[in-house]
Amino acid sequence: MPHKTFFWFFFPSGLAMLLFIGLPIISSFFQSLHIENEQILMEVENCDVFGCKTEVRVDLDATKKIEEENPLGRFNGFGTYSDRNHLAFDEINDAWKVSSSYNEFFDIVLNLPFYKALLFTITFCFTVTPPVIVLGFIVALSINTISKSIKGPTIFGTILPMIVTPLIGSLVLFWMIDAKGILGATIQNIFEDPNLSLKSSSELTWITLIIYGIWHNTPFAFVVFYAALQTVPLDPLEAAIIDGASRYQRVRYIVIPHLYPVATFIMLICLMDNFRVFEPIIGFKAEGAAQSLSWLIYSDLRNESIMLFGSAGATSMLTIIGVGLLLTPVLIRTWKEFKTER
Amino acid sequence: MKNIFYALLFSLVSTGIFAAGPCNVSGGKINILANEFTTYRIFMDEVKKCAGSEADFNVTHSVDHNKLQVAALSANPAEFSAKLVTNGSITTLMNDGLIRPLDDLVGKYGGDLINDNQKITIDGKIYAVAFMANAQHLWYRESILNELGIAVPSTYEEVIEASKKIQASGKMANPYGAAFQAGWNLGQEFVNMYLGHGGEFFKAGSAELNINNDQGIATLNMLKRLTEVANPDFLTQDTNAVKEEWESGNLALMHIWNSGAASILDDEGDQMIKADTRLAPSPSVAGGSKPATTLWWDGFGIATNTSDEEAEASFRALLGAATSTEMANNNPNATIWLIKGYSPGDTAGPVVDAANRGATPYPSLPHMSLLHGALSTEIVEFLQGNESAQKALDDVEAAYIAKAEEQGFL
């Protein structure tokens, strides 16, 4: 394709991306460099149902005046990034000084909100993505071989977890794993422990979320693999059959190499998606046991009704950097392949 | 203060003035954001009736109302023309000037329809009109306590002792329930218990935190002991989940909102459990005299960023309900109405008792919600047994300081 044609072809989506993705990112970045103006407090007499008393209030007029002079708030540079609720440089430094062993050091660091969330996010990312690819591939292979008459309904059933809205899907599972739900009660029966509850400990909550993640993401991998399977050339397959290759050998030496680039694509998308894990945490009410980076952003914007825009902006930027770091190896690899193919 | 409250409740009974009220709003747009529980539903039905059929009436019930309100009312024009507020949620709206003074409207339509204590006055101006009072208190199953010979607990130490006895009898595995869900609910449990220990959240007149002390530690330890006799899923249970546990017969003691009576004591569900349910005063703790609970009022405020016509229509409809003696007396047990001519029902006792024993209203401070937010996430690990109480308080303090600095309070 000539460069000019490509440019005009790409232009509309490029423009949309700039407007709806690029500009908001830039705006969040600016927001993250600022903190709110100083709040002027004053003591006033307040009366309510339970009586009158003198209490502190925000002086609206004075605060508004500062706000008008300085609508973005006070410039704070990267102060928000380095504070305790984000990268926490000072706290890590202190932790290094006071801790006598690596274990103790990591205990302190992983107790900081950002690192706690990062640990879960990365764990989720790397435990969900590989099974999704493997399962998606197996499901695609199996469905590819079943008879045409039941293929349609089977495909529909298989992609159901993806069709169901994440929040609804996780809520349904949340009720099922309740101690009185069908899954929760069954698990209690199997382990003969009436007090076993998947919601009560951090470890079990993590495992539940990860299983949910695999359940929810597998259909995506399946759909892409299934489409790619239709493009596997028949000639080499037939040749292999004539040569007496077993089904396993055909899959191993013809199908898998053919699907390799597709697997890379699925991995990229899955890593990116899973790095932003959010809905299941809300659906499973797992805030206590598992927090992700996206959940931190949500919590900053919904911190019991006061919105911390600077904090949320900083976490967003760090998430973008995180996604970037995560994808770099894959992108470098793809780029190299692209170069050699030319 | 306590006497005022007590006296008022009963003076309401004696005042017998019923006027037609400001209802029959002809047209206009009314769009209200409100929390989700049965009493609010009853109230909103009345507001709708009052608004009449010609008004364009909408109400959004959401348990996340606190999280939505600032964004929704900051827009101009605001997403909602009115918001049901409490002494907890009004402060963040006040911080940004998102609700308007109501003196004119109260003067025009209120007259002698509203009690003086319904007017929420801040620095001399009325910003909200209250219609009900609420508090968390103890609930118990009479037959179970009687059978095991347990007296109704009046302190949290007794609550734990009673729960252990019930556990030991094999009747229930986890007899105690309270809303410990990580988030706002858990923060609220800390607030109650800390006030019960006689603590102060901030150094007087400033936004500097004052919870990292012996009372804070004692509060956390008491919460931990309570969670040990509660359902192991306690970190996922909000008030509505605890109510369900109660209605399924899994609990013998719980500490939840007085307004829960509206759904627990209604005609749905297991009537045997309903007949066995009793309300008791909120327990005190650690030898204190104050009950470990907070007093709340619920009222309505009108958005600043809405047109005067919408504001007036909304105000009239809401005021109609907030002065409806008929609604109050038809639902005497739904809550404690502050409405003229209301005779308190059987369920009002524990709230009146809390007020009389000097329970503190939830602090209406501009920076309180930052502390509440910090509490709601940072004490979780302590309750899971993963860190010490001291560490949890240090974490709350550090999280609060970072947030308060960013928000310009420190």
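These legends walk through several close-up views of a predicted model.

In this predicted model, local features need pLDDT of at least 70 and side-chain atom pairs count only at pLDDT 80 or more, while totals for chains, interfaces and linings use all residues. Residues are numbered from 1 along each chain as its sequence is written, and chains are lettered from A and ligands numbered from 1 in the order in which they are written.

**View 1. Here chain A meets chain B.** The contact draws on 42 residues of chain A and 53 residues of chain B; two residues are in contact if their C-beta atoms, placed from the backbone, lie within 7 Å. On the chain A side, strand 2 (41-48), strand 3 (51-58) and helix 15 (309-341) each give two or more residues. Strand 2 of chain A has the largest share, six residues. Helices (H or I, at least four residues) and strands (E, at least two) are DSSP runs, numbered from the N terminus. Sorted by class, this side of chain A holds twelve nonpolar, 16 polar and 14 charged residues. Here Ala, Val, Leu, Ile, Met, Phe, Trp, Tyr, Cys and Pro count as nonpolar, Asp, Glu, Lys and Arg as charged, and the others, Gly among them, as polar.

View 2. Strand 2 of chain A pairs with strand 4 (residues 119-122) of chain B in the antiparallel sense, over two bridges. Strands pair if DSSP finds at least two bridges between them. Look for A:Cys47, whose bridge partner in strand 4 of chain B is B:Thr121.

View 3. Domain 1 (2-134 + 295-356) and domain 2 (135-293 + 360-407) make up the assignment for chain B, with bounds from an automatic or database domain assignment. Their centres, taken over C-alpha atoms, are 27 Å apart. In the contact, 24 residues of domain 1 of chain B meet 24 residues of domain 2 of chain B. Helix 15 of chain B gives the most to the domain 1 side, with five residues. That side has ten nonpolar, 13 polar and one charged residues.

**View 4. Two helices of chain A cross.** The axes of helix 6 (residues 113-145) and helix 14 (residues 293-301) of chain A come within 8 Å and cross at roughly 140 degrees. Axes are lines fitted to C-alpha atoms, for helices over the stretch in contact, and angles run from 0 to 180 degrees between N-to-C directions. Helix 6 of chain A is therefore oblique to helix 14 of chain A; angles under 35 degrees count as roughly parallel, over 145 as roughly antiparallel, 65 to 115 as roughly perpendicular and the rest as oblique. Residues making this contact include A:Phe114 and A:Leu118 of helix 6 and A:Trp295 of helix 14.
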